[in-house]
Amino acid sequence: MRARRGGRTVLHDVRLAVARGEVCGLLGPNGAGKTTTIAAALGLLAPDAGRARLFGEDPLLAADAIRARIGLVPERDGLAGWMAAADYLQYWAVLQGRSLGAEGAFALLAEVGLDTAPPGMPVARFSQGMRRRLAVARALVAGPELLILDEPTNGLDPRGRRQLLGLLHHLARSRGVGVLLCTHLLEDVARICDRIAVLVEGRTVAEGALADLLGAADGRRYRLRLGGPVPEGAAAGDGGALPVRVLHGAGEEALVELGAGIAPETAWRALLFAGWPIREVRAAGGGLEALYLSLTEPGGRRGHDAPADSDATTNVAVPGGAAS
Ligand SMILES: Nc1ncnc2c1ncn2[C@@H]1O[C@H](COP(=O)(O)OP(=O)(O)OP(=O)(O)O)[C@@H](O)[C@H]1O
């Protein structure tokens, strides 16, 4: 979909799919359009072109029905600090036009690991980790099919983060709920996401199974430096008839992944034949951080950034006479 905010287009081409039972990470630099994407998915913003589909419906036309099937965990939790957790969940259920009962509230608290907290303790005395779990429990009150979480592990210590991520993964698998995790924390993504979508300046530059996108683990991902722009039609994710999948192409650099069973030399010859002005081929290092940096910094210039742990690259010879 495409959408405008403040008089300018902020979502140009966003593609994102979350299936039941899977955890999908929505990644991208500040201002990339993650929050706007979610607003459009919830029917809070009308796209100018294309459309969002949730559960097969248009959120603009069926906003109430769709929101009833979604549990949202915003970055700022807005919990009622003066209430005990079980009372708060029941109160929240009433606001949603539902009835939860004390038993239902305790069952939810147990599901998110808050059943050991003293029953009458006001939420204001909860730790950050406990608050986040309660916010997840609140999102579960309506029995959602999709959970959307905005930076849920911000401010948590390593153990709290680990526990919350474990909970989200468990909810996806045990309840079959789809989980959309908006985050900047690649470690979190690597730990629990099945799929990722990376947004850059309002465009999805990569979307797919994490394992596929990290194909470099078996030496299949390469960074190409070109003597001109990436040829037309070689859009991200669509290599067409080429022997590679173009993960990212911008300016004079492209990140490609070899097709199954294709030898690198064969791929480079085919690309040269297709008019790609290849100057240099480098084996891209593995790891999510390397992938993220490649996708979000098109020119590959990192200024004075610290090097990514797994971003080692190796020069590879371009086949006979190609690197002119
Ligand atoms: N209400 C608004 N009016 C004008 N511009 C807006 C509005 N909301 C968002 N934008 C702009 O839209 C772009 C995308 O913003 P958005 O908040 O969706 O990004 P984000 O990826 O969620 O960023 P962050 O990671 O910093 O939260 C930004 O350039 C932002 O300045």
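1. Helices (H or I, at least four residues) and strands (E, at least two) are DSSP runs, numbered from the N terminus. On that count, the protein has 10 helices and 13 strands. Ala68, for instance, lies in the loop between helix 2 (63-67) and strand 4.

2. A word on the model. It is predicted: local features need pLDDT of at least 70, side-chain atom pairs count only at pLDDT 80 or more, and totals for chains, interfaces and linings use all residues. Residues are numbered from 1 along each chain as its sequence is written.

3. Burial comes next. A residue is buried if 20 or more other C-beta atoms lie within 10 Å of its own, exposed if 12 or fewer, and partly exposed in between, with C-beta atoms placed from the backbone. Of the 324 residues in the protein, 38% are buried. Ala68 counts as partly exposed because it has 15 C-beta neighbours inside 10 Å.

4. Now the sheet. Two strands pair if DSSP finds at least two bridges between them. An open sheet of 6 strands runs in the order 4-5-6-3-7-8, and its pairing is mixed. Strand 4 (70-73) and strand 8 (203-209) stand at the edges with a single partner strand each, so one side of each has no neighbour in the sheet. From one strand to the next, the twist averages 15°. Axes here are lines fitted to C-alpha atoms, for helices over the stretch in contact, and angles run from 0 to 180 degrees between N-to-C directions.

5. Strand 7 (residues 195-200) and strand 8 run antiparallel, joined by 6 bridges. Which residue of strand 8 is the bridge partner of Ala197? The partner is Glu207.

6. Helix 5 (residues 128-140) lies across strand 4 and strand 5 (146-150), at about 160° to strand 4. Helix 6 (residues 158-175) packs on the sheet and touches strand 3 (23-27), strand 5 and strand 6 (178-182). Its direction makes about 150° with that of strand 6. Contact means that the C-beta atoms of two residues, placed from the backbone, lie within 7 Å.

7. Most residues other than glycine have a negative phi. Phe55 has a positive phi near 55°, and lies in the loop between helix 1 and helix 2. Glu151 has a positive phi of about 45°; its place is the loop between strand 5 and helix 6. Phe55 counts as partly exposed because it has 13 C-beta neighbours inside 10 Å. Glu151 counts as partly exposed too, because it has 17.

8. Finish at the ligand. Residues around it, with a C-beta atom placed from the backbone within 6 Å, include Arg5, Gly6, Lys34 and Thr35. Helix 1 (residues 34-41) gives the largest share of the shell, 3 residues. Gly6 also takes a positive phi near 55° in the hairpin of strand 1 and strand 2, which has 2 residues between the strands.
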